[in-house]
Amino acid sequence: MASVNTGQLVAIVGRPNVGKSTLTNRLVGAKISITSRKAQTTRHRIHGVLTTADAQYIFVDTPGYQTRHKNALNRLMNRNVTTAFAEVDVILLVIEAGRWGSEEDTLLAMLPAEKPVILVINKIDRLADKAQLLPFIAGLAERRAFAEIVPLSAENGQGAEALLKAAAKYLPEMPPVFEADDITDRSERFLAAEILREKLFRNLGEELPYGLAVEIERFEHETHERNELRRIHAAVIVDKEAHKVMVIGKGGEKLKRISTDARKEMEKLFGGKVWLETWVKVKSGWADDERALRSLGYE
């Protein structure tokens, strides 16, 4: 591919549910990070790649930094956030327009002084009184010498180009790491698990905010003449027997609907047919068992 003048790692950090994954998807131009209204939907560090004529951006979508829950899963997720600080060239601190609280204070204090931090004020389209934006920005500018402050809406894309231009100023000159058409370093197997987990979160309401995971037990990619088929066998891991009943639903209808939604999105992302089989397993205490977490791909 043609040489790229600038590019490297850009961390996207913030408290849970400020729109980090939506922003990652917006900047990359494809859905690689799952989203839902539940906090901690993102549990892994995910690299999203955008290559332009002048730069290659490698966005690191991190889990929301969690101060309330202290189990092994949340400790691992918090460690992913803090590890990202040391590895990246620029940090995007994402907050919600009109909101700054103790969680933001905690996270801001953890950011390395030597790293350029761009404050990203998301959800400006939802701000009821737009006249409050400028005083809000002025107040935040006193908290740290931010490299830039960029208001935007990750949902509709307003301000996304301005953010890319701002971030490019702080990236080192170096050859590209990924091919021009790459959008992530994650495997299809990983993305399939994440898509299914998103559909579970979206369809289960508030019933299971943290108590489930997805394990892809088999992933087979077949090519028949010009047609591609992916056979995916996925286990939904829950903490309690009662949760298993919730996921399956009456007559298996809920799990069937979730699986159908997931299969359709996988086919759209992978560009080929998907045969998806799902079932539910009970692994009590999995979210507080580091060995179980490693077996499910948490690092």
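## About the model

This is a predicted model, in which local features need pLDDT of at least 70 and side-chain atom pairs count only at pLDDT 80 or more, while totals for chains, interfaces and linings use all residues. Residues are numbered from 1 along each chain as its sequence is written, and side-chain values use heavy atoms, leaving out hydrogens and water.

## Aromatic pairs

Searching the whole structure turns up two aromatic pairs (rings of Phe, Tyr and Trp, the last by its six-membered ring, with centres within 6.5 Å; planes under 30 degrees apart are stacked, over 60 edge-to-face, the rest tilted). Tyrosine 57 and phenylalanine 59 are stacked, because their ring centres are 5.6 Å apart and their planes at 5°. Tyrosine 57 is buried at 5% relative accessibility, and phenylalanine 59 is buried at 1% (buried means under 20% relative accessible area, exposed over 50%, partly exposed in between, with a 1.4 Å probe and protein chains only).

Phenylalanine 219 and phenylalanine 270 form an edge-to-face pair, with centres 6.4 Å apart and planes at 75°. This pair links distant parts of the chain, 51 residues apart: phenylalanine 219 is in strand 7 (residues 212–224) and phenylalanine 270 in helix 8 (residues 253–270). Helices (H or I, at least four residues) and strands (E, at least two) are DSSP runs numbered from the N terminus. Both phenylalanine 219 and phenylalanine 270 are buried.

## A buried lysine

Lysine 20, in helix 1 (residues 20–28), is buried, with a relative accessible area of 6%.
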